[in-house]
Amino acid sequence: MNAVIKKAMASMALLAASVSVVHAAGAGSGTITFEGEILEAACSIKPGNSDQTVPLGEVAKSQLETGGASTPKVFEIELTGCSPSSLTDKTVSTTFTGAESVDVPGALGITGTASGAGVMMIDGSGTAVTLGTPTKTQLIQAGDNTLSFSAFLRGKGTGTITPGAFAAVTNFSLTYK
């Protein structure tokens with residue numbers, strides 16, 4: 001009888017352990033995807049800098065009338081792990097592309113319920129960014145580098161500006177020389 005009790009106890013222990021494992025397996029699961037891109041470039045773009053949202057805030061219609069503009073908002077593209085000494089690439093320029101505004105020449109077009117304005121961009125020295133054209137080159141230092149730009153909303157010179165929500169999208173590419 002003692003052997004029967006030992007077998008029963010061992011069977012109950014195994015059953016309890018298997019129930020515990022089954023219960024733990026249903027405690028939650030998920031998937032993690034890792035993605036990126038390997039570049040042949042002098043620097044890496046710091047994670048989180050490839051896709052950004054720059055809030056331009058709430059701008060009064062009266063501020064934009066007759067070609068007025070909002071206050072510029074700085075945004076940066078941070079580069080990391082730069083090693084220009086190992087390459088012939090010592091400088092970088094940035095090219096911004098996107099749909100041009102029908103209301104404000106040279107500006108990014110806006111979408112949404114607002115109209116009559118566009119998003120202008122300038123580089124760190126205050127020079128206007130021309131869509132589809134590389135910016136002035138900037139020297140790359142070893143280590144981390146920051147490319148500074150600003151964006152602001154500009155109203156059209158004449159005509160109606162319609163209040164509402166807006167968005168504008170630009171893509172950028174870096175060219176090392």
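Student: Over how many bridges do β3 and β7 pair?

Tutor: Quick heads-up: this model is predicted, local features need pLDDT of at least 70, side-chain atom pairs count only at pLDDT 80 or more, and totals for chains, interfaces and linings use all residues. Residues are numbered from 1 along each chain as its sequence is written, and side-chain values use heavy atoms, leaving out hydrogens and water. Strands are DSSP runs of E, at least two residues long, and two of them pair if DSSP finds at least two bridges between them. For β3 and β7, which run antiparallel, the number of bridges is 2.

Student: Which strands stand at the edges of the open sheet?

Tutor: The order is β7-β3-β10, with antiparallel pairing. An edge strand has a single partner, so one side is left without a neighbour in the sheet; that goes for β7 and β10.

Student: How far apart are the sulfur atoms of Cys 43 and Cys 82?

Tutor: A search of the whole structure turns up 1 disulfide (cysteine sulfur atoms within 2.5 Å). Cys 43 and Cys 82 form it, with their sulfur atoms separated by 2.1 Å.

Student: Is Ser 101 buried or exposed?

Tutor: Ser 101 sits in the loop between β3 and β4. Buried means under 20% relative accessible area, exposed over 50%, partly exposed in between (1.4 Å probe, protein chains only). Ser 101 has 9% relative accessibility, so it counts as buried.

Methods:
Helix = DSSP H or I, 4+ residues; strand = E, 2+ residues; numbered from the N terminus.
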